[in-house]
Amino acid sequence: MTRPAGFPNFIDGRWVESARRFENRNPADNSLIGMVSEASRADVDAAVRAARAALDGPWGKMSIAKRAELMHAVADGIMARFDEFVAAEVADTGKPYAMASHLDVPRGAANFKMFADVVKNVATESFEMVAPDGGDALNYAVRVPKGVIGVICPWNLPLLLMTWKVGPALACGNTVVVKPSEETPATAALLAEVMNEVGVPPGVYNVVQGHGQDSAGAFLTAHPDVDAYTFTGETGTGEAIMAAAARGIRPVSMELGGKNPGIVFADCDFDAAVAGILRSAFFNSGQVCLGTERVYVQRPIFERFVAALKAGAEAMRPGDPNDKDTNFGPLVSQEHRGKVLGYYRRAAEEGATVVTGGGVPDMPAALANGAWVQPTIWTGLPESSALIREEIFGPCCHVAPFDTEEQAVALANDTRYGLAATVWTKDVGTAHRMGKRLKVGICWINSWFLRDLRTAFGGARQSGIGREGGVHSLEFYTELRNVCIKL
Ligand SMILES: NC(=O)c1ccc[n+]([C@@H]2O[C@H](COP(=O)([O-])OP(=O)(O)OC[C@H]3O[C@@H](n4cnc5c(N)ncnc54)[C@H](O)[C@@H]3O)[C@@H](O)[C@H]2O)c1
Ligand SMILES: N/C(=C\C=C\C=O)C(=O)O
């Protein structure tokens, strides 16, 4: 069944267009990509009903082995249409081809393969016991799917982050209703085509397009027949979703915002640390939740490090995202560009030293209408500044000196968030002490965004609830049932 033009909803294996539509624009040049169908409350209800019905159909009766086989087929289906997925992601987000082709789309496939293998190989517990009457009894646990899962996704890594949730959810036998970000509808729709192509039963994977509040997102979190929600996005949005999920006691898995520190000790591998902090601050134009917006550099190398960071930032070339050599793209939208430029203005007003950037790059005419900002580095602000307290989610970072390890830990932990940290040192004792003392979900040492999908991924404090990855995802996407048999 051919998908209609634009970005319709996908419900019970069929394309569903809505009367209400909104524009999807390419952030690199603000050109119109297509119209997005905004799912109504009735559309969301139809999607939830289809997901529920699928649990009682062939999908609910399918063996783990067959489900895992289908998950691998989905991964292969993504890779078979690799160029289409890359093109769709680049157009939706403006991210450079190099990033979408090396990270986003390969991880889209890997997220299905990973969890197909986890569910086949994870054992559950059993206990023999003596009953009070002296007889024997046997306990054993079985993992059962939670049911219908609401999946609400952000715009920065649309396919990667959606499949990071949908992969384990389906591998564990659930069905999903996915609400992609209003900024990036494309790859969720493309994945629906793959689901049909490989034979995933109708109703297992549903997509409702639209906005958050007073739109598809809120209709989904208000729906009483959704069993659990997995969300990735801003902390404030997480609060709203959690409040909605509380009605009916639905569990949530939350991957939220961050204000991640980068700590650079004087004994580090200097060039590696410069490259690592440049990557963690400017990758995806700073639109990565794990990104570094606060850099703390030990005083003996502070000046040299800032100069090297400046040179690296100024070597970045904003350009056509489809150009394979482009390493710096626009922000995701004019709206987000306005938010980031607001912080750029605020930094200047607060008297920051603008080491580089702070404005808008000159772009060729074809890209002049894009959501472009300059990679920016500041020094000289107090830790109380909003630039240090609040997540900006743009290509910018503030660099401050520190003297002792104690100071570095105190500075890094002084935040309401707790998602990630990156630490650069050659001293093995320092490395392990940082891993132990930084209040984050993920602490990278001499690395950043180095991902083993078997590890626990998630944030502490206001950066999230729960952990996903490897067997940890099973804790959220299944229920453990204990069966006790009197022998
Ligand atoms: N921790 C992580 O792994 C991780 C990963 C990526 C992004 N993020 C965070 O996501 C944010 C950027 O993404 P964003 O701007 O799309 O986030 P966002 O919170 O604005 O939106 C995320 C999703 O939630 C939906 N939404 C918004 N309000 C809603 C509501 N009231 N009810 C239901 N759904 C609602 C949106 O439509 C969108 O699909 C940043 O804060 C970033 O740190 C975190
Ligand atoms: N959840 C993951 C990445 C999150 C990136 C945030 O922007 C992942 O790599 O699995």
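Mentor: Let's start with a term: a polar contact is a pair of N or O atoms within 3.5 Å; within protein, one must be able to donate a hydrogen and the other to accept it, and residues adjacent in sequence count only if both atoms are side-chain atoms. The model is predicted, so to speak of local features takes pLDDT of at least 70, side-chain atom pairs count only at pLDDT 80 or more, and totals for chains, interfaces and linings use all residues. Residues are numbered from 1 along each chain as its sequence is written, ligands are numbered from 1 in the order in which they are written, and hydrogens and water are left out of side-chain values.

Now the contacts. A backbone N or O atom of G212 sits 3.4 Å from an oxygen atom of ligand 1. For C153, a polar backbone atom is 2.7 Å from an oxygen of the ligand, while L256 brings a backbone N or O atom to 2.7 Å from a ligand nitrogen. On its own, ligand 1 exposes 840 Å², and the protein buries 92% of that (Shrake-Rupley method, 1.4 Å probe).

Who else is there? Of the 30 residues around ligand 1 (a heavy atom within 4 Å), K179, E182, T237, L256 and E391 come nearest. That shell splits into 15 nonpolar, 10 polar and 5 charged residues, with Gly counted as polar. Helix α9 gives the most, with 3 residues (helices are DSSP runs of H or I, at least four residues).

Key
Helices (H or I, at least four residues) and strands (E, at least two) are DSSP runs, numbered from the N terminus.
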